[in-house]
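Keep the 3D view open and find each spot as we go.

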Amino acid sequence: MSSNPPFWLRFTIVVCPQQLASRGNWFAGAVWRAVLVLFFACLNPHGLLLAQESPYIVTYDHHLEEPGNLEVEYFSTFGTQKAGNDFHSYWIELEYGVTAWWTSELYLDGQTTFHDGTLFTGVRWENRLRPLKAEHFINPVIYFEYESISEADKIMKEVEGHDVASDHGESNSELRKGHNHELEFKLLLSRDFKGWNFAVNPLAVKNVSSGDPWEFGYAVGISRPLALRASPGPCTFCAENFVAGVELYGGLGDTQSFGLHETSHYLAPVLAWNLPSGWTVRLSPGFGLNDNSHGFLLRWGLSKEFSGFGEIVRSMFGGRP
């Protein structure tokens, strides 16, 4: 397999950082370029885990990253805008298995609003802790995240409170003036049963940089591989390499106005294709369920997992493997 990325990803690697730098944000451009180069330069077919990946983009199940493994992910969202320009948001995830019960992730967010401009919109630090070791009827995972993002952020990794489509309608020059420091908490409830996965994620968010109330939201996902029996040899298009499902997510208001009033909600089929080379491709067309929602969200992503990354780093600095 060629290690050269396709044209649209080469465009992201080369052009987006240049646009960011041209707008005075040279550090953001450098970060994007460094991370994306790492993403494609480390294409070593050896030492890869071929584990089956979840198809979810918004919902989380209870499975954590293996200890010492690094997963590098790129995701994009194309969104239609009723009262403004359509947009393309994108983010890089670096997911590391710290221990068997703790997975930590770093996010770098950006967006391009058509006929407007391109912005680096912030960083997120996510942590997932699994308090119970063995499989149970319901497997809980504690999720908490710190976000330092501008109001121009449009990746829509979750929907909370009274988030509505019109929030993204203003120009980037206006939205970038507001900057939020948020704490986000989720309880990830998940179960695997006869090949199916069922997951429910209630969430609560607090903007600590303002006096805004606590905001609430949810995500629900169901998925299953197209086949449970593996083929005897490596196979690219075998049914067991595809995991399909659906997720439903939206806002639930805040402490001052809890409920469905003036909230947005989305229904999205999801599909993951786990390639023998170690890549996973995800695709999810999402549809707004009310007038407060974007009419259409097209999400896609690429990810690759590198086993033994922690051991390699420790050996580089003279530690024990």
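## An arginine with several partners

Let's start with Glu 158, whose side chain meets that of Arg 124 in a salt bridge, 3.5 Å from N to O. (A salt bridge here is a side-chain nitrogen of Lys or Arg within 4 Å of a carboxyl oxygen of Asp or Glu.) This pair links distant parts of the chain: Glu 158 is in the loop between β5 and α3 (172-175), while Arg 124 is in strand β4, 34 residues apart. Helices and strands are DSSP runs numbered from the N terminus, with at least four residues of H or I for a helix and at least two of E for a strand. Before going on, note that this is a predicted model: local features need pLDDT of at least 70, side-chain atom pairs count only at pLDDT 80 or more, and totals for chains, interfaces and linings use all residues. Residues are numbered from 1 along each chain as its sequence is written, and side-chain values use heavy atoms, leaving out hydrogens and water.

Which other residues pair with Arg 124? One is Asp 109, with the closest N and O atoms 2.6 Å apart. That link also joins distant parts of the chain, since Arg 124 is in strand β4 (residues 117-129) and Asp 109 in strand β3 (residues 102-113), 15 residues apart. Another is Glu 147, at 3.1 Å from N to O.

(Buried means under 20% relative accessible area, exposed over 50%, and partly exposed in between, using a 1.4 Å probe and protein chains only.) Salt bridges with shared partners join Asp 109, Arg 124, Glu 145, Glu 147, Asp 153, Glu 158, Glu 184 and Lys 186 into one network.

The count for the structure comes to 14 salt bridges. Lys 186, a member of that network, also has its charged end over the ring of Tyr 143, 4.7 Å from the ring's centre. (That label needs NZ of Lys or CZ of Arg within 6 Å of the ring centre and within 35 degrees of the ring normal.)

## Rings that meet

Searching the whole structure turns up twelve aromatic pairs. One of them is Phe 185 with Trp 214, a tilted pair at 6.1 Å centre to centre and 40° between the planes. Phe 185 is in strand β6 (residues 179-193) and Trp 214 in the loop between β7 and β8, so the pair links distant parts of the chain, 29 residues apart. (Rings of Phe, Tyr and Trp, the last by its six-membered ring, pair if their centres lie within 6.5 Å; planes under 30 degrees apart count as stacked, over 60 as edge-to-face and the rest as tilted.)

Both partners are partly exposed: Phe 185 has a relative accessible area of 37%, and Trp 214 has 34%. Elsewhere, ring pairs tie Phe 237, Phe 242 and Trp 273 into a cluster.

## One disulfide

How many disulfides are there? The count comes to one, between Cys 235 and Cys 238, whose sulfur atoms are 1.8 Å apart. (The cut-off is a pair of cysteine sulfur atoms within 2.5 Å.) The link is right-handed, with 105° about the S-S bond.

Cys 235 is partly exposed at 24% relative accessible area, whereas Cys 238 is buried at 11%. Pro 234 is in the loop between β8 and β9 and is exposed, at 83% relative accessibility.

Most residues other than glycine have a negative phi. Lys 194 has a positive phi of about 50°; this residue is in the loop between β6 and β7 and is exposed at 65% relative accessibility. Glu 262 also has a positive phi, near 55°. Look for Glu 262 in the loop between β9 and β10 (265-274), where this residue is partly exposed at 47%.
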